[in-house]
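Hi,

Here is the structure I promised to pass on. Have a look, and my notes follow below.

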Amino acid sequence: MLPSQTLLHTAVFALTVLQALASDTFIAAVYEHAVILPDAADEPVSPEDALALMNKNMDVLEEAIKEAAQQGAHIIVTPEDGIYGWRFTREAIYPYLEDIPDPAVNWIPCTDPTRFARAPVQERLSCMARNNSIYVVANIGDKKPCNSSDPGCPSDGHYQYNTNVVFDSEGKLVARYHKYNLFMSEIQFNYPKEPEAITFETPFGKFGIFTCFDILFREPAVVLVSELQVDTVLFPTAWMNVLPFLTAVEFHSAWAMGMGVNFLAADTHYTNMSMTGSGIYAPDGARTYYYNMKTEDGRLLVAELDSHPRRSLASLPAVNWSSYALSVGRFSPNDHDFGGLIFHDWFTFTELTKPEGNLTVCQKDLCCHLSYKVAGKQEDEVYVLGAFDGLHVVEGQYYLQICTLLKCKSTDHSTCGQPVEMAQTKFERFSLSGTFGTNYVFPEVLYSGVQLAPGEFEVLNDGRLISKTRPTKPVITVTLFGRWYEKDHLKQDPQPPAFP
């Protein structure tokens with residue numbers, strides 16, 4: 001038989017085996033890890049001291065991986081910075097980095113640790129996966145040498161990347177992703193020259209992977225979902241919660257719903273920096289999640305997901321996010337609109353002054369419509385309808401359109417938009433919509449105590465976010481969070497509306 005025919009038969013056989021093993025569901029796990037941090041230092045520690053610190057964290061992760069495997073999990077995601085933390089200068093992080101090869105080399109570090117440069121972290125992660133027959137997703141640092149022939153080469157002669165790795169159930173390295181959208185404090189890492197769209201196939205679906213801040217940008221997040229059609233996204237993160245819209249559990253759950261994919265989010269747990277909030281999310285809502293700002297405990301989450309959620313969504317008509325809002329006029333004129341800041345963005349607000357009614361508030365091209373009925377409004381609680389249509393420019397630059405019903409921190413209008421975690425007012429019903437210019441809109445409902453509302457709301461095909469049943473808990477916010485990726489490159493200067 002010719003070599004090419006042999007390769008063809010081998011590929012066909014492999015595909016047949018994969019299809020035979022394919023499952024309609026799988027068990028996913030994420031672990032929120034309270035990272036053991038190194039002492040803050042500007043000078044590098046020895047490689048031995050760096051490995052000792054990383055082994056302490058991997059000891060904890062290994063126990064979580066074993067427990068997940070015992071519960072039947074096929075894959076586990078661990079957090080960004082979960083093996084060595086984040087207290088580093090560029091120089092200080094270097095002893096913690098390893099050279100991570102391209103997965104095309106077909107390498108199992110656990111069984112062949114000396115094939116490449118010394119890599120004890122990759123070896124141990126590989127063995128965790130192999131010994132427990134589970135896919136392991138972890139975040140580590142990659143170093144790549146360069147020289148003067150590369151005009152972008154740093155002066156110290158190497159690149160440093162914030163990197164996710166995936167080892168399959170045999171311990172083989174099957175994916176490597178370099179974070180493309182670095183958060184402003186990540187001075188220890190380099191930006192990759194080009195964005196990477198990393199996918200890999202498993203018997204339980206097609207997976208994509210990216211890291212933390214990446215979720216807010218088209219590349220790689222939208223590319224993976226909309227163009228490469230992954231079933232499940234893996235998401236190591238060190239998410240610092242920002243109420244009212246960017247709390248980890250609400251935004252990640254909303255992103256999974258808006259994009260129509262499974263989403264496995266593993267957050268670092270460090271309450272001093274408001275880091276908590278991990279979950280296993282499906283397009284129809286959260287399967288399980290964890291948010292804890294009171295203690296420094298880690299947490300393992302395990303849940304079952306559909307392997308191919310897109311199949312169940314394929315027959316459903318796409319949501320036209322502006323259809324309903326464009327079909328109605330303004331519900332009522334507002335004589336008392338006022339402005340306020342939410343996470344540095346200037347919103348236009350109008351207060352809900354009646355126990356039920358219809359309201360409209362507009363900013364630029366976005367008009368937000370709300371129909372509501374309050375079950376029992378507390379006199380010391382104020383709710384507003386708000387709209388924002390503009391470019392967010394603080395820790396990054398990205399264009400937003402947001403419609404929101406939210407509770408103010410106090411009866412003083414100047415507190416509207418400030419973080420709130422508790423409420424007492426319940427609603428009988430709500431319906432929120434907006435004249436969005438983007439198809440990328442993420443529906444959020446957050447209840448008192450930073451609790452999600454799985455099964456209690458839905459999005460209609462005409463773009464309305466409505467309560468399916470009477471909400472069971474007081475409302476913090478009901479939000480349609482729109483990302484207008486196509487306008488990011490325009491970089492308009494945000495102009496707040498004028499108020500008398």
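A quick word on terms before the pockets: a pocket here is an open set of grid points with protein on both sides within 12 Å along at least five of seven lines, and a residue counts as lining if it has an atom within 4 Å of a point. Also, bear in mind that this is a predicted model.

With that in hand, the second largest pocket has 28 lining residues, and Phe183, Ser185, Cys212, Ala238 and Met240 lie nearest its centre. About 510 Å³ of space lies in this pocket, and its lining splits into 20 nonpolar, 3 polar and 5 charged residues.

The largest pocket holds about 1,000 Å³ of space. Its lining takes in 35 residues, with Met257, Gly258, Gly260, Leu313 and Val319 closest to the centre. Which element gives the largest share of that lining? That's H6, with 6 residues. By class, you get 21 nonpolar, 8 polar and 6 charged residues.

H6 (residues 248-259) also lies across S20 and S23 (475-483), running at about 140 degrees to S20. Those two strands belong to an open sheet of 6 strands, ordered S13-S14-S17-S18-S23-S20, with antiparallel pairing. S13 (338-342) and S20 (441-447) stand at the edges with a single partner strand each, so one side of each has no neighbour in the sheet. Within the sheet, S17 (residues 383-392) and S18 (residues 398-407) pair over 10 bridges, and Tyr383 sits opposite Lys407 in S18.

Finally, an unreviewed UniProt entry puts "domain: CN hydrolase" at residues 31-307. That stretch is 23% helix and 26% strand.

Cheers

Notes:
Residues numbered from 1 in each chain as written. Predicted model: local features only at pLDDT ≥ 70, side-chain atom pairs only at ≥ 80, totals over all residues. Heavy atoms only, no water. UniProt positions renumbered as here; feature names shortened; annotations may be inferred. Helix = DSSP H or I, 4+ residues; strand = E, 2+ residues; numbered from the N terminus. Pairing = 2+ DSSP bridges. Contact = heavy atoms within 4.5 Å. Axes fitted to C-alpha atoms, helices over the stretch in contact; angles between N-to-C directions. 1 Å grid on protein atoms, 1.4 Å probe; cavity = no way out; pocket = protein on both sides within 12 Å on 5 of 7 lines; lining within 4 Å. Points joined across faces, edges and corners; volume = space filled by probe spheres on them. Nonpolar A, V, L, I, M, F, W, Y, C, P; charged D, E, K, R; others polar.
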